Amino acid sequence: MSAFVGKYADELIKTAKYIATPGKGILAADESTGTIGKRLASISVENVESNRQALRELLFTSPNALSYLSGVILFEETLYQKTSDGKPFVEVLQENNVVPGIKVDKGTVELAGTNGETTTQGFDSLGARCQQYYKAGARFAKWRAVLKIGPTDPSELAIQQNAQGLARYAIICQENGLVPIVEPEVLTDGPHDIKKCAYVTEIVLAAVYKALNDQHVLLEGTLLKPNMVTPGSDSPKVAAEVIAECTVTALRRTVPPAVPGIVFLSGGQSEEEATLNLNAMNKLAVSKPWTLSFSFGRALQQSTLKIWAGKKENVEKAQEAFLGRCKANSEAILGKYAGGGAGGLASESLYVKGYKY
Amino acid sequence: MGPNFLTCRKVGLGPWARETQSYKDVILTCSTGNQHYSPKKKSYSTNGTYTTKNWQILHKRCRGFLVTVPSFSYELIANAAYIGTPGKGILAADESTGTIGKRLASINVENVESNRRAFRELLFCAPGVLQFLSGVILFEETLYQKRADGKPFVDILKEGGVLPGIKVDKGIVELAGTNSETSTLGLDGLAERCQKYYEAGARFAKWRAVLKIGPTEPSQLAINENANGLARYAIICQENGLVPIVEPEILVDGSHDINRCADVTERVLAACYKALNDHHVLLEGTLLKPNMVTPGSDSPKVKPEVVAEYTVRALQRTVPPAVPAIVFLSGGQSEEEATINLNAMNKLKGKKPWSLTFSFGRALQQSTLKAWAGKEENVKKAQAAFHVRCKANSEATLGAYKGDATMGEGAAESLHVKDYKY
C-alpha cells in the first residue's frame, strides 16, 4: 500500500487507538520554558526549574485526574524531570496508563514575502531526537503548524509549506516509533465569520491529508489536532451547536476514517466554552468514524493555575479544580457533559491576540 | 427516504420553467421576469425570490433576464443519499452504441436501434427488479427511448423508485509522451448537456477516467490529468442538478499483486479527493465508483475476504465520510465473483461511514444477455436471470448473500477482456 509500514507499525496503530479511547483525552503540558514563564508570571511565580517542576507535579499527581487522560504532551525538560520524592514523571504517567508524548517542533519562523505567515522549524536532527525520546519513554509527538485567516491568507505557499512540513515530521516520527499528532492550527484572530473559518479549515485539512498520502504516512498511526470551526475572535459568538455542526461537517469532508482520533486544540476558548463545544460535537447525530476528544493546554490548566498561585497550601484545591476539568471534558467526549462544572475562572476567555507560544 | 425528484416541465411560462418538489412545498419558479407561480396556492406572486427551509433560490442574470435558479445543494444531497440506500444499487446500462454492439454480436443479434431498445426494455421491465435498484445509468439514446407501448423508460424508472442517470463523457484519448495512458473527453459544452439531460429526467451522471498499472504507470501526469478532469466534470454537474459519480477506474490488467493495486488505488483516490476539494465540489452530493482492490488479471486470485480487507482499508485511508455511498465497478469480474466480493466487504467489521454498493454493467447483465439471445420467447427466462443477479447483489449490500443464487449460464464466467475498450 502507499503507506510506509515499518517495524513500529503495529505499535503505532495500537498507541494511536488507545489515545483515542472514548472518554479519555490529552493534557497539553508542553509549554516551552518561555511560554510557561508567561503563565507563571501571571500568578507572580518565578520562572525557575523547581517551580516548573512543582506545577507539573501538581498536575500529574492529581488524585484520579489521570484516569480521564490517555496522554500528556511534555516539553523536553519535563520528560526528564521527577516528582519531589524522586520518581520520574514518565513512570508516574505510565503506571496510570497515560502515554507520555513530546513536543518536537522548534517554533515558527516567518515566510518571507508573505503577510506574516509562518512555517515551523525542527527537522534538523528530528530522527535522532525522536529515537532519544522513544528511549526516554515517549510514544507520541506533537508539532504545531500555524495558519491565519485574512483577505489573502492563508496563501497557497503557507498552506503547502505547512502541510508538507507536517507530513515530513509525521513520517520521521513513524520511522522512529512515535505516533505523530498532526496539528494544523488555523488561528481564530480576525473579524471573519464562521463560514470563512469552515472554508479555510477544509482547504487546509485537504492539503494536509494529500501531503500525508504523498509522504506515505500510515494514517491509522496518527492523530489530528485541529482548531474547532468558529467565528473569528472579532466576530459575534455563536451557539455551541453551530460550532459543532460546522466543525464536524468540515472534518467529515476531509478526514479519512482511517484516522482513529481527533483531539481538538482549545485556541483561546475559555475552559467551559471548550468543553461545551466538544460536548455539542459528540451529541451530533451524524456518522463520525473517529473519536472526537481533547488536547487542551490552557483550557485544562487555567483555573488550576490561578488557584495554586504558587503556594504549597493551595495544591490540594488546585488539584481538585484540575480533576474537575478533566472529568468535564471526559464527559464531553461521551456527549454527557451537563454544564455548570465551572467557577467564574472556567468561563474566563483565554484568547490572546496574535498568540505566540 | 423515498425518491425525491425534481421534474422539469414546460408550463408555458418560459424556457426555464421548473416544477420543483421539495420536502414540503411545491413551487414553480419562472425565469421570464420576476414571476412566481405556486400550484399549491394556485396564484402568482411578483416576488422574485422564493426561499423555503429546503431551498435557497439565487438570482442570476441569464440572457438579459433576471432568472431564479434553485441551488441544487439539497437535492444533490438527497439524491446521492438515496442511491446509497441499503439493499439497492445501480445498473450500469450506459453502453455506447459501439459497445452494446459487441454485446449483441456475442449473441448474434443485429446492432440496430430496435434491438437496443428491446434489450433495455427487457431489463427495465423485468418483474420485481426495480426494488433492488436505486439508479440506472443510461446512454444518451436510451434516455429518450420508450417501452413498446410508448411509455418513456425514464417514467418507468421513476415510478419504480429508480433515479435515471446519464453517461456524459465522450470516451478517452491517449496522453502524448506516456505509455498509452489516457485522459477523458467531454468537458466542452458539458453544462448545456447536463441541463438538457436534467430536463429529460436524469438526476445523476457518470464519467469514466481510466488509469493502468505498469512499471512506470500510472504516471503523475496521468493521475493529475484524470483527477482534474473528474473534478471539473463533477462541479459542472452539480451546478446543473446532476449528482456526479466520480469514477477513477484502475484497470485490472497486469501481473502485479494486490499490494501494488492497493498502493496505486490509494494514491489515485487521494489525488481525486484533493482535486474535488480544490474545485469546491460538494462531497455530500457525489458518489464514488472505484475498482475493487484485487491482484492483477495475470496474477493468482485471492479470497473474497482479502479483496474486502484491502479494498475497505484503501477507502478508509482516502474517502472522507461526507461521501454517502461507494458504488463499485465490476471491471471484468464474473457476476458471481463481483457479488461475493461485495458481500465480503459488507460483512467486514470496521469503520465504513459510506454505503458499499454496486454499479455493475456486465456483472449484472451477462447471463441475462445469454438467456435472451435476441429471441422474444426467451424474454421471461432472461428477466428471471436478471432478477437473480439483482437480488443477489441487493443481499450483498447487506452482507446477507449466501451464494445460493440459482446461477444462470455464464454467471461464473470471467468477463475480463484484456485492455478493455468501452
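The model is predicted, so local features need pLDDT of at least 70 and side-chain atom pairs count only at pLDDT 80 or more, while totals for chains, interfaces and linings use all residues. Residues are numbered from 1 along each chain as its sequence is written, chains are lettered from A and ligands numbered from 1 in the order in which they are written, and side-chain values use heavy atoms, with hydrogens and water left out.

Chain B has 12 helices and 16 strands; helices (H or I, at least four residues) and strands (E, at least two) are DSSP runs, numbered from the N terminus. Of its 422 residues, 59% count as buried, where buried means under 20% relative accessible area, exposed over 50%, and partly exposed in between (1.4 Å probe, protein chains only). Contact here means heavy atoms within 4.5 Å. Of the contacts in chain B with a separation of 6 or more, 74% come from residues 24 or more positions apart.

Six of its six residues are buried, so β8(B) is largely enclosed by the rest of the structure. Strands pair if DSSP finds at least two bridges between them. Strand β7 (residues 89-93) of chain B runs parallel to β8(B), with five bridges joining the two; B:A92, for one, has B:I137 of β8(B) as its bridge partner. Strand β9 (residues 163-167) of chain B is also parallel to β8(B), joined by four bridges, and here B:G135 is partnered with B:L163.

Helix α1 (residues 73-83) of chain B holds B:I77. That residue counts as partly exposed because its relative accessibility is 33%. Setting aside neighbours within four places in sequence, B:I77 touches B:L282, B:E284 and B:G285.

Now for the interface. In total, 26 residues of chain A are in contact with 26 residues of chain B. The two chains bury about 2,100 Å² between them, 57% of it on carbon and sulfur atoms; buried area is the accessible area (1.4 Å probe) that two parts lose on being put together, summed over both. Two salt bridges turn up across the interface, each being a side-chain nitrogen of Lys or Arg within 4 Å of a carboxyl oxygen of Asp or Glu. One salt bridge links the side chains of B:R317 and A:E220 (2.9 Å, N to O). On the side of chain A that touches chain B, α8 (194-214) and α9 (240-252) of chain A each supply at least two residues. The biggest giver is α8(A), with seven residues.

Some backbone details stand out. Most residues other than glycine have a negative phi, and most peptide bonds are trans. The bond from A:D153 to A:P154 is cis, with omega near 0°, and A:P154 sits in the loop between β6 (140-147) and α7 (156-175) of chain A. Chain B has a cis bond joining B:E217 and B:P218, with omega about 0°; B:P218 is in the loop between β12 (204-211) and α7 (220-239) of chain B. B:N108 is not a glycine, yet has a positive phi of about 60°. Its loop runs between α2 (97-106) and α3 (113-124) of chain B, and B:N108 is exposed, with a relative accessible area of 75%.
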